[in-house]
Amino acid sequence: MGAAFINVGIVGILCTFLLIIFKHEPGGYTIMTLWLIIAFSFFGKNPINILPIIFGGFLFSKFVGEPFSDNVLPVLLSTALSPAVSQIVIINADSYMGIFYGLLIGICIGFVIGPIAKSAIKAHDGFNLYNSGFAAGILAMLIMAIFKNYGADFEPVYIVSSGNDFLITLFVVILSLFLIAVGFACSDNPSAEIRNIFDRNWITNDFYAQIKESSYINMGILGLFTIIFLNIYGVSMSGPIIGGVFTIIGFGCYGKSIKNIVPIMIGAIFASLLSIHEYNGTLPVITILFSTCLAPIAERFGFGYGMLAGYLHFNLALNIGIVHGGLNLYNNGLAGGVVAMLLVPIINSIKKRNITKDEEMNFITEAKQETDLNAE
């Protein structure tokens, strides 16, 4: 566990320095990105397999004549495909060419992922918070298809730690309380600002843009809620589990609150209990945690549709990994994008059938504003 935490720290510091060096203007999306990168450093990411992708994104920015500070966040998120770098090196481990091929595939991924991510959001209209995972999943399907056609295949690996439940729980609790304390210390009226998250009287998902440091309180509350749920549910703590917790905490400043994740989780839990999988096994539980990428559906359309989204997500996420062979760490982002792409148009059609013409125009206008803001 100590080595894992060292890896997490190195990756976190590396990404933070990149943001500082290239003078990126921070916001809620920035905080979320850092937490997401750190979360997946508990399983799948390390400094070696993310650097080629980041360098590829830097080359793309130079190629199109844009400052890297404008593209650094999508590039960091594109490290979802870092397993592709590692796998290429591994299957060519008997030759130094494996390192060359790994570097090359990483640079190519970083070079092309930005435009794909910007386009992918149009498919789900911003109702999938893990848009980078959706884009990475599409690219991973193509990469995996090419590999298989040339005889390369990757054996699934399932190695998870156990026996660290108390230490990980204590760590998350202390971290969550720290976030809450910082939020209260840095905010003028934290209680009123936190209520705004639940009232959601704005369209954008960026809580930090609206309530600044008070969003840390929401992050801490989500951390405590999630770790309490995991302990009640009888989950064995491991790298993927703590990664799921960190992801929820990170999105506490960008789109997630207890109000909009609970319906999604209930739907996913219901699907888990009906499935053939052990309800508190690692794969079902991380799917429940990551299903909260569909929180905007519950936020906009209500509790029932949120449960339906969570139910559909669980069933899809546990089976969609076969199309990318595990190359996409943000597998739930791909599943969430597909669910949102299919479900949201159906919900819109049902809702528009029962509203007046004026309400319909307001509904369409609000939906377009939300899509535009999420794309920005």
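Mentor: Gladly! Start with asparagine 128: a polar atom of its side chain lies 3.1 Å from the backbone nitrogen of tyrosine 130. Keep in mind that this is a predicted model, in which local features need pLDDT of at least 70 and side-chain atom pairs count only at pLDDT 80 or more, while totals for chains, interfaces and linings use all residues. Residues are numbered from 1 along each chain as its sequence is written, and side-chain values use heavy atoms, with hydrogens and water left out.

Trainee: Why is asparagine 128 called buried?

Mentor: Buried means under 20% relative accessible area, exposed over 50%, and partly exposed in between (1.4 Å probe, protein chains only). Asparagine 128 has a relative accessible area of 2%, so it is buried.

Trainee: What does asparagine 128 touch, leaving out residues up to four places away in sequence?

Mentor: Contact means heavy atoms within 4.5 Å. Among the residues that asparagine 128 touches are Phe134, Cys293, Leu294 and Gly333. Asparagine 128 itself lies in the loop between α6 (97–124) and α7 (131–149). Its C-alpha atom is separated by 7.1 Å from that of proline 296, 168 residues apart along the chain.

Trainee: What makes the pairing of the side chains of asparagine 71 and serine 61 a polar contact?

Mentor: A polar contact is a pair of N or O atoms within 3.5 Å; within protein, one must be able to donate a hydrogen and the other to accept it, and residues adjacent in sequence count only if both atoms are side-chain atoms. The two side chains make such a contact at 3.0 Å. Asparagine 71 is found in helix α4 (residues 68–77).

Trainee: Is asparagine 71 buried or exposed?

Mentor: Its relative accessibility is 5%, so asparagine 71 counts as buried.

Trainee: And why is phenylalanine 166 called exposed?

Mentor: Its relative accessible area is 63%, so phenylalanine 166 is exposed. You will find phenylalanine 166 in helix α8 (residues 165–186).

Trainee: How do you know that the span of α11 is close to the one expected?

Mentor: The expected span of a helix is 1.5 Å times one less than its number of residues. Helix α11 (residues 215–233) has 19 residues and reaches 27 Å from its first C-alpha to its last, close to the 27 Å expected. After α11 comes glycine 234, with a positive phi near 75°.

Trainee: How many helices and strands are there in the protein chain?

Mentor: There are 18 helices and 0 strands. Helices (H or I, at least four residues) and strands (E, at least two) are DSSP runs, numbered from the N terminus.
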